[in-house]
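Q: Please take a close look at a single part of this structure and describe how it touches its surroundings.

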There are 4 protein chains.
Amino acid sequence: MKIAFVGLGHMGAPMALNLLKAGHALAVFDLSADAMQTLADAGARKAASPKDAVNGAEYVITMLPAAAHVRSVLGAEDGVLAGIAKGVTIIDSSTIDPASVKEFAALAAAHGNAFVDAPVSGGTGGAAAGTLTFMVGGSAAIYESVKPVLSGMGKNIVHCGETGTGQVAKICNNLVLGVTMAGVAEAMALGEALGIDPKVLGGIMNTSTGRSWSSDTYNPFPGVIETAPSSRGYSGGFGTDLMLKDLGLATDAAKGARQPAFMGALAQQLYQAMSTRGDGKLDFSAIIKLYRSDQ
Amino acid sequence: MKIAFVGLGHMGAPMALNLLKAGHALAVFDLSADAMQTLADAGARKAASPKDAVNGAEYVITMLPAAAHVRSVLGAEDGVLAGIAKGVTIIDSSTIDPASVKEFAALAAAHGNAFVDAPVSGGTGGAAAGTLTFMVGGSAAIYESVKPVLSGMGKNIVHCGETGTGQVAKICNNLVLGVTMAGVAEAMALGEALGIDPKVLGGIMNTSTGRSWSSDTYNPFPGVIETAPSSRGYSGGFGTDLMLKDLGLATDAAKGARQPAFMGALAQQLYQAMSTRGDGKLDFSAIIKLYRSDQ
Amino acid sequence: MKIAFVGLGHMGAPMALNLLKAGHALAVFDLSADAMQTLADAGARKAASPKDAVNGAEYVITMLPAAAHVRSVLGAEDGVLAGIAKGVTIIDSSTIDPASVKEFAALAAAHGNAFVDAPVSGGTGGAAAGTLTFMVGGSAAIYESVKPVLSGMGKNIVHCGETGTGQVAKICNNLVLGVTMAGVAEAMALGEALGIDPKVLGGIMNTSTGRSWSSDTYNPFPGVIETAPSSRGYSGGFGTDLMLKDLGLATDAAKGARQPAFMGALAQQLYQAMSTRGDGKLDFSAIIKLYRSDQ
Amino acid sequence: MKIAFVGLGHMGAPMALNLLKAGHALAVFDLSADAMQTLADAGARKAASPKDAVNGAEYVITMLPAAAHVRSVLGAEDGVLAGIAKGVTIIDSSTIDPASVKEFAALAAAHGNAFVDAPVSGGTGGAAAGTLTFMVGGSAAIYESVKPVLSGMGKNIVHCGETGTGQVAKICNNLVLGVTMAGVAEAMALGEALGIDPKVLGGIMNTSTGRSWSSDTYNPFPGVIETAPSSRGYSGGFGTDLMLKDLGLATDAAKGARQPAFMGALAQQLYQAMSTRGDGKLDFSAIIKLYRSDQ
């Protein structure tokens, strides 16, 4: 398959490499010449612009930091829509708000193209290993059409419903995640202050109703789960600033839908407080530092 | 074993019945004559007071609504401490604050008795089936000594550490539980408002980082988990007012320990709002009603 | 002075009428023909578009619901910037986010025009009476230049600092207002539940450290302040949905500035809950209904 | 008048001195010999116990840190109730929860004594100057009876209603105060981050709807109000830990009354976070430090 790939960052680059490994022909574009060269060394064509990249492409994939970048990559004079052939599907794996997805889908439809939201979970590790989960928003037919392409980069390709629901799934999941982690951090720190061994407390939670991925796989208290970022100084993992971005998307979407978001809005402020104090690059489970007075 | 059992409510009565089935000799006391008669019919001796109940007992078990009741049952003129033999261990399975545990343990020690906190999880279902989890606070020796007794009522008898840590484990677990459920409710309602099928959203959470007991076993959105209270009108289960009580214990303990409890304190207000509007008897997962405008 | 006025809603129409009364020549534009006719009957010229309205104008005033409308009115093919003469100042009295102000100021500057943010407080009553407060963001020279124009519509014309600071003042004030009102509502309802006469409680607050505009002028408890919306069924006043909009601007600005906004974000959720339950049109002091179980 | 005074701390000592100055005969008791000596030097009789102090007294005044101290001073073997004559009124100026007031009033009534709650506002400055405000809970007749005594220590003696309502007034006022200050701090810090001069912002708030004692008299931003603790390094004033105590009383009272306390509970956590980081002794307006990243 001939694929155009725009956005070769920490996630995009390994995803694009996996598409090459899967035997696809790739044209790539990124503002970083280094990122472009890495892909070119692996066999991709370096494009001069998004418009150039999509020349002849059967699928277009974008992996960008925020909706503003997607808007620009699509609509600029040398952008995707300036060069894309009618009928070609655009797959956006960026994490953005569902309202922007609808805007971009309408824009693409006006050019005769389908626009599919397909945000991922699994982090840079999953991107490198090709084990990402893709949450796909679009018609059943479009889902079937993009599934073989996405299968080159991930192992779970989930159909979430109509256009935009991929992003809805992503931000709702991360809303729960941000809230649950803050709750686990609060409870683990409270337990410590009240004199229980954190490993014992973690063990009880994990076999009881308090169980969650945040407690049994990614426990924020150092030493409870040896493989968690908390046990290696909160390095690696999913950064506090990224969680903050996703909670921002969630509370914005709630505002747009006129839904209260009590827990998410409070969790957002707590991660913001972490970022403000200079800990935005630490794994988001470092939020437990807000609760431990010697941290 | 000769055991005195004080407090034959929704939890205490089935627990006492299981002790009888396990072959122990029981003397029971409760303010309700009906509750006493049920146990007497099953072979227990009806005592005239806690003091009478503990006469000749090798172990004393209390299962009461709050710390004030435990205080009274222990210290009253016809209370436990007025009749208990030196060296007999008192096991309190009530859910109360860790500070009161220390007060009661000191009181008991002054009479030559050990006081063990052993709150439970598993609900009335677990009490009836004898499958409760006991979270035990006390020395290793005391833990070994009470384990055979508790085994007649539960299947997991967990040693949490020194006196009071059983309660710490219980309230920290329920703090996480109350927060996580509120977060799952918020996200499921947001997803619905944004147009994703709740079953699809639940499925994605449950195979991703948003996974928790509150989402995969007890999902608050009707129909996502067929066996959850949400799928039967929020009847049965763990009542909102009970969750409210436990979050009150958790935030009180945090106040005493001078720990912030941002997420727990907010969740407490949300369950309080549910109770204030008259929904305190519904299962606590009914908190999703605060987020669904037609509920 | 020849002035173009775009946006003749509940606020804009009476403001424009006051400019006519002050002797200025007005060209007006609004999408509503009725609104246009009212102003035409009072002596204004009905323009066919914003571009037409600014033809010959010495000042341009916009009073619109949100930043998106300002963006469109400025930049559209028949918009303000398509017709405005170089050197003419644009005064925007809409309440919008400070970041958009900077965007619009840059856009205007590229056309050789100054863009001044001048949001108001005082409501529809102040707009009709010509007693609004204007919070002006721009250089000292620009402030002096627009002051005579604004004086036709208000009595306090406050210079807040450079471009954007008028909006900063407005949203920070309304952030405090939304938080304080929620706090007063919570305390008044708590006092009622605990058995104190609300008038006595209000009186004590108002002569003590709890004093605020929300308690001494606009108390949310019915009957405490006879002239407050609470004493007439929460009609009139400043609507819950408008407070919700302004808290949204404040928390968005906080997000952009990477500042925590704990209290504002929580207050926002409470007003959202009011709106979700259908009370968005009531005065914002109706938030006390969330705390009174029979309301 | 012959008066017994128990509790000679930072507030009680200057209050007792003012009673002496007003010409009353005083018997005093405190655990601190130094505090007793200071009063003795001014003409008071040093009592050996609360029981001794109330011997012959026509009024009894207690000024203690918390309900537990009042309980002990009243009920101990050598306590107030062991020595007081029938018909003598006990005035408690401690800040405690309304539920304890009812408990103590019942206890006193059983001994033939009235118990009046009369907490104060005005701080140590007001105590020294004799300008305190007393919030009095009790019948109209009792209020008239205690007014002349309290007038020796304060200038506003406010009748709040039946027994307990003095405390209700105090904690509801301080609930509003704690919330409003947190809101003002959040908005002032946001304004600073967004580039407005804090003095300008403070000035706008104080002439607008954002006005409050927390902004116009006690503004948390240094330099806005020269006489506020913020302008002298947050020294003096009303300590963070005292605000934390009062918010604890308010949220406890809300819990007891089954009222939500969203804003108060969140503010409580913020002051707790200040205390946890070691700033509990600073004036409570120092909460703005949570919002200013360089603080």
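A: Domain bounds here come from an automatic or database domain assignment. In this predicted model, that assignment divides chain A into domain 1 (2-162) and domain 2 (168-291). The centres of domain 1 of chain A and domain 2 of chain A, taken over C-alpha atoms, are separated by 30 Å. Their contact involves 9 residues of domain 1 of chain A and 8 residues of domain 2 of chain A.

Together domain 1 of chain A and domain 2 of chain A bury about 680 Å², with 70% of it on carbon and sulfur atoms. On the side of domain 1 of chain A, the most area is lost to domain 2 of chain A by T95(A), P98(A) and M135(A), which together account for 59% of what that side buries. Between the two domains of chain A there are 0 salt bridges, while 4 residue pairs are in polar contact. The side of domain 1 of chain A that touches domain 2 of chain A consists of 7 nonpolar, 1 polar and 1 charged residues.

Chain A also touches chain C, with 19 residues from chain A and 19 residues from chain C. Between them these chains bury about 1,400 Å², 53% of it on carbon and sulfur atoms. In chain A, R258(A), F262(A) and Q269(A) lose the most area to chain C, together 38% of what that side buries. The interface of chain A and chain C has 4 salt bridges; one salt bridge joins the side chains of K255(A) and D252(C) (3.1 Å, N to O). Helix 13 of chain A gives the most to the side of chain A that touches chain C, supplying 10 residues.

Definitions and conventions. Residues are numbered from 1 along each chain as its sequence is written. Chains are lettered from A and ligands numbered from 1 in the order in which they are written. This is a predicted model: local features need pLDDT of at least 70, side-chain atom pairs count only at pLDDT 80 or more; totals for chains, interfaces and linings use all residues. Side-chain values use heavy atoms; hydrogens and water are left out. Contact means heavy atoms within 4.5 Å. Buried area is the accessible area (1.4 Å probe) that two parts lose on being put together, summed over both. Helices (H or I, at least four residues) and strands (E, at least two) are DSSP runs, numbered from the N terminus. A polar contact is a pair of N or O atoms within 3.5 Å; within protein, one must be able to donate a hydrogen and the other to accept it, and residues adjacent in sequence count only if both atoms are side-chain atoms. Ala, Val, Leu, Ile, Met, Phe, Trp, Tyr, Cys and Pro count as nonpolar, Asp, Glu, Lys and Arg as charged, and the others, Gly among them, as polar.
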